[in-house]
Amino acid sequence: MELKRGRLIDHIHLRARDLPATKRFYKAVLATLEIPVVEADTHLWADELWIDAGEQASHVHLAFQARDRDAVRRFHEAGLAAGGRDNGGPGERAYHPGYFAAFLLDPDGNNIEAVHHGPAERSADAVTLTFDAPG
């Protein structure tokens with residue numbers, strides 16, 4: 001089994017009140033960013049992100065990296081079409097030169113962002129963990 005992990009965060013766990021609506025939203029927006037999603041009846045996961053159902057929904061801000069500005073635009077369009085609410089359309093932000101982002105509220109009100117930081121060279125696409133899957 002192989003898992004891809006980012007360099008800063010090991011994983012993020014969100015709780016959703018309406019899991020089917022949340023799955024629809026995340027599958028749509030993550031597809032635009034070319035992030036594979038694994039789905040089961042009780043949960044969804046994509047790289048470091050795990051989502052399951054719970055009465056108390058999470059309220060966080062998550063920012064996903066986008067390859068380019070077009071991916072940010074596709075993320076925003078897909079999220080709106082999948083039930084997300086606009087929280088800031090695609091555009092440059094004053095955080096630093098070249099910061100191009102879009103913001104959506106997912107079905108539980110989490111502030112979800114896609115950001116492209118401008119031209120840059122990555123040191124690695126991801127850290128790869130290889131191991132035998134349990135049982």
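**View 1. Charged side chains of the protein.** The place of a charge is NZ of Lys, CZ of Arg, CG of Asp or CD of Glu. On this basis the protein has 15 positive and 21 negative side chains. The centres of the two sets lie 2 Å apart. The model is predicted: local features need pLDDT of at least 70, side-chain atom pairs count only at pLDDT 80 or more, and totals for chains, interfaces and linings use all residues. Residues are numbered from 1 along each chain as its sequence is written, and side-chain values use heavy atoms, with hydrogens and water left out.

**View 2. The whole fold.** The protein has 2 helices and 11 strands. These are DSSP runs numbered from the N terminus: helices are H or I with at least four residues, strands are E with at least two. From the N terminus on, the order is β-β-α-β-β-β-β-α-β-β-β-β-β. The radius of gyration is 15 Å, close to the 14 Å that the globule rule gives for 135 residues, so the protein is as compact as a globular protein of that length. That radius is taken over C-alpha atoms, and the rule is 2.2 Å times the number of residues to the power 0.38. Along the principal axes, the C-alpha atoms fill a box of roughly 50 × 35 × 20 Å.

**View 3. Surface and contacts.** The accessible surface comes to about 8000 Å². Carbon and sulfur atoms hold 52% of this surface. The areas come from the Shrake-Rupley method with a 1.4 Å probe, and for residues only the protein chains shown count as cover. Of the 135 residues, 42% count as buried. Buried means under 20% relative accessible area, exposed over 50%, and partly exposed in between (1.4 Å probe, protein chains only). Contact means heavy atoms within 4.5 Å. Of the contacts with a separation of 6 or more, 60% join residues 24 or more positions apart.

**View 4. Two aromatic pairs.** The structure holds 2 aromatic pairs. The rings of F25 and Y26 have centres 5.0 Å apart and planes at 85°, so this pair is edge-to-face. Both F25 and Y26 are buried. Y95 and Y99 also form an edge-to-face pair, at 4.7 Å centre to centre with 80° between the planes. Y95 is exposed, with a relative accessible area of 55%. Y99 is buried, at 10%. Rings of Phe, Tyr and Trp (its six-membered ring) pair if their centres lie within 6.5 Å; planes under 30 degrees apart are stacked, over 60 edge-to-face, the rest tilted.

**View 5. T22 in helix α1.** Helix α1 spans residues 19-32 and holds T22. T22 is buried, with a relative accessible area of 2%. Leaving aside neighbours within four places in sequence, T22 is in contact with A16, I51, P107 and D108.

**View 6. V115 and I112 in strand β10.** Strand β10 covers residues 111-116 and includes V115. I112 has its place in strand β10 too. V115 is buried, with a relative accessible area of 4%. I112 counts as buried at 0%. V115 and A63 are 52 residues apart in sequence, yet 6.7 Å apart in space, C-alpha to C-alpha. I112 and F64 are 48 residues apart in sequence and 7.8 Å apart in space, again C-alpha to C-alpha. Not counting residues up to four places away, V115 touches F64, Q65, A66, V72, Y99, F100 and A101. With its neighbours within four places left aside, I112 has contacts that include F25, Y26, L62, F64 and F75.

Methods:
Lys, Arg positive; Asp, Glu negative; His and termini not counted.
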